[in-house]
Amino acid sequence: MIITAGMRTDIPAFYSEWFLNRIREGFVLVRNPYRPEAVTRYELNPDVVDALVFCTKNPTPMLPHLRELQAYRQFWYVTLTPYGKDIEPNVPDKRMIVERFKELSVATNTHNAALAGIKNDPIQKLDAVHWRYDPICITSRYTVEQHIKSFAVMAELLAGYTHTCVISFVDVYNNVKKNFPELRPVSPEEEIAVTKAFVEIGRKYDIAIKTCLENSQLAEFGADISGCGTKEVLAKALGLSAQGLTLEPPKKKFARPACSNCIISGDIGAYSNCPHLCRYCYANHDKDQVLRNHKLHDPASPFIVGNSKPGDIIHTAKQESWIKEKTSTFFP
């Protein structure tokens, strides 16, 4: 199975000590965000955890500890956008993140390649670190033209270290309206202009543009709309063929139907717990709740927020390996 850390909160940036403690102890407890008394226990054992999937805006705190994760294959999404402190108040300097991105790419691709028995060109063959340029917000400061210029600069800097950039356009949910009241939806015309330009720039630097939950018509302009977390994406990152993973997409209803092909699940994070405090974030309710939850964090706890409570009902997740070929038969 896959363990995700974390789409609900940036675990590598803010909770790396806690995560490493969970790896050392071999399990983690996760509250259901809608039924807090319902707790899932996941075993953190490489015999049943096929990959650790990380989502972060700052991998720096995890980089010195990658050796502790050497038993696990890894796949990373690193978000790198042009926004300043007006939108991403606690995200570090982007030039520093570019350099850490490069370090992470070399380390992760080399590691996954070694586990798969691949000896040559690991970054080119595996592509285990994807760049996320999202969400794309259009404002008076961050215009379509400015996004295109910024993307070109970043693409040149990341060329050779990633071959995929995932883009999406901001969704103005109710909590986003509260935290970013002047934000507006991106128009279809703006989506097309951005996508066309990004695809053209990406081709120059061998970076494919994938969309996440966007209009399928963007495929007409060269975007890959097949999904950003599919079995095919993960298999390549791990150095396997798609047939090397037995997993199929979950058979359940999704709030967003476009997620139906995504196999990245088992999120061990928690909502309203990311101190980046990005104003467009769908996963944070408001600043006060984030700060309250962050204060409850105990690096020694099996929970990312707080500890066990009376009435907790713990369910042990059914976990099994989905990899049927431990070394690559796909890549030379």
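This is a predicted model: local features need pLDDT of at least 70, side-chain atom pairs count only at pLDDT 80 or more; totals for chains, interfaces and linings use all residues.
Colleague: How many disulfides does the structure hold?
Modeller: A disulfide requires two cysteine sulfur atoms within 2.5 Å, and C55 is in no such pair, since the nearest cysteine sulfur, that of C228, is 9.1 Å away. For C281, the closest cysteine sulfur is in C274 at 6.1 Å, which is too far for a bond. The number of disulfides in the structure is therefore zero.

Colleague: Which residues make the nonpolar surface patch of about 560 Å²?
Modeller: One member, M7, lies in the loop between strand 1 (2-5) and helix 1 (11-14), and at 40% relative accessibility M7 counts as partly exposed. The patch of about 560 Å² is made by M7, Y34, Y173, Y271 and Y282.

Colleague: Which residues does L52 touch, not counting residues up to four places away in sequence?
Modeller: L52 belongs to the largest nonpolar core, which has 90 residues, and is listed there among those with the most contacts inside the core, together with F19, L69, W131, Y133, F151 and I268. When residues up to four places away in sequence are not counted, L52 touches I3, F19, I23, L69, Y72, R73, Q74 and F75.

Colleague: Where is the residue G6, to which the peptide bond from A5 leads, and what is the omega of that bond?
Modeller: Most peptide bonds are trans, whereas the bond from A5 to G6 is cis. G6 is found in the loop between strand 1 and helix 1, and the omega of the bond is near -10°.

Colleague: What is the omega of the peptide bond from D134 to P135?
Modeller: P135 has its place in strand 6, which covers residues 129-136. The bond leading from D134 to P135 is cis, and its omega is near -5°.

Colleague: What is the phi of D127, and is this residue buried or exposed?
Modeller: Most residues other than glycine have a negative phi, but D127, which is not a glycine, has a positive one of about 55°. D127 lies in the loop between helix 4 (122-126) and strand 6. With a relative accessible area of 4%, D127 is buried.

Colleague: What is the phi of D206?
Modeller: D206 is found in the loop between helix 7 (188-204) and strand 8 (208-211), and with a relative accessible area of 43% it is partly exposed. Its phi is a positive value in a residue other than glycine, and it is near 60°.

Colleague: What separation is there between the C-alpha atoms of G26 and P302?
Modeller: G26 is found in the loop between helix 2 (16-25) and strand 2 (27-31), and at 17% relative accessibility G26 counts as buried. Leaving aside neighbours within four places in sequence, G26 is in contact with Y42, E43 and L44. Although G26 and P302 are 276 residues apart along the chain, their C-alpha atoms are separated by 9.9 Å.

Definitions and conventions
Residues are numbered from 1 along each chain as its sequence is written. Side-chain values use heavy atoms; hydrogens and water are left out. Patches are made of residues with over 30% relative accessible area and no salt bridge: like charges are joined within 9 Å, nonpolar side chains (Val, Leu, Ile, Met, Phe, Trp, Tyr) within 5 Å. Accessible areas come from the Shrake-Rupley method with a 1.4 Å probe; for residues, only the protein chains shown count as cover. A salt bridge is a side-chain nitrogen of Lys or Arg within 4 Å of a carboxyl oxygen of Asp or Glu. Helices (H or I, at least four residues) and strands (E, at least two) are DSSP runs, numbered from the N terminus. Buried means under 20% relative accessible area, exposed over 50%, partly exposed in between (1.4 Å probe, protein chains only). A nonpolar core is a set of buried Ala, Val, Leu, Ile, Met, Phe, Trp, Tyr and Cys residues joined through side-chain atoms within 4.5 Å. Contact means heavy atoms within 4.5 Å.
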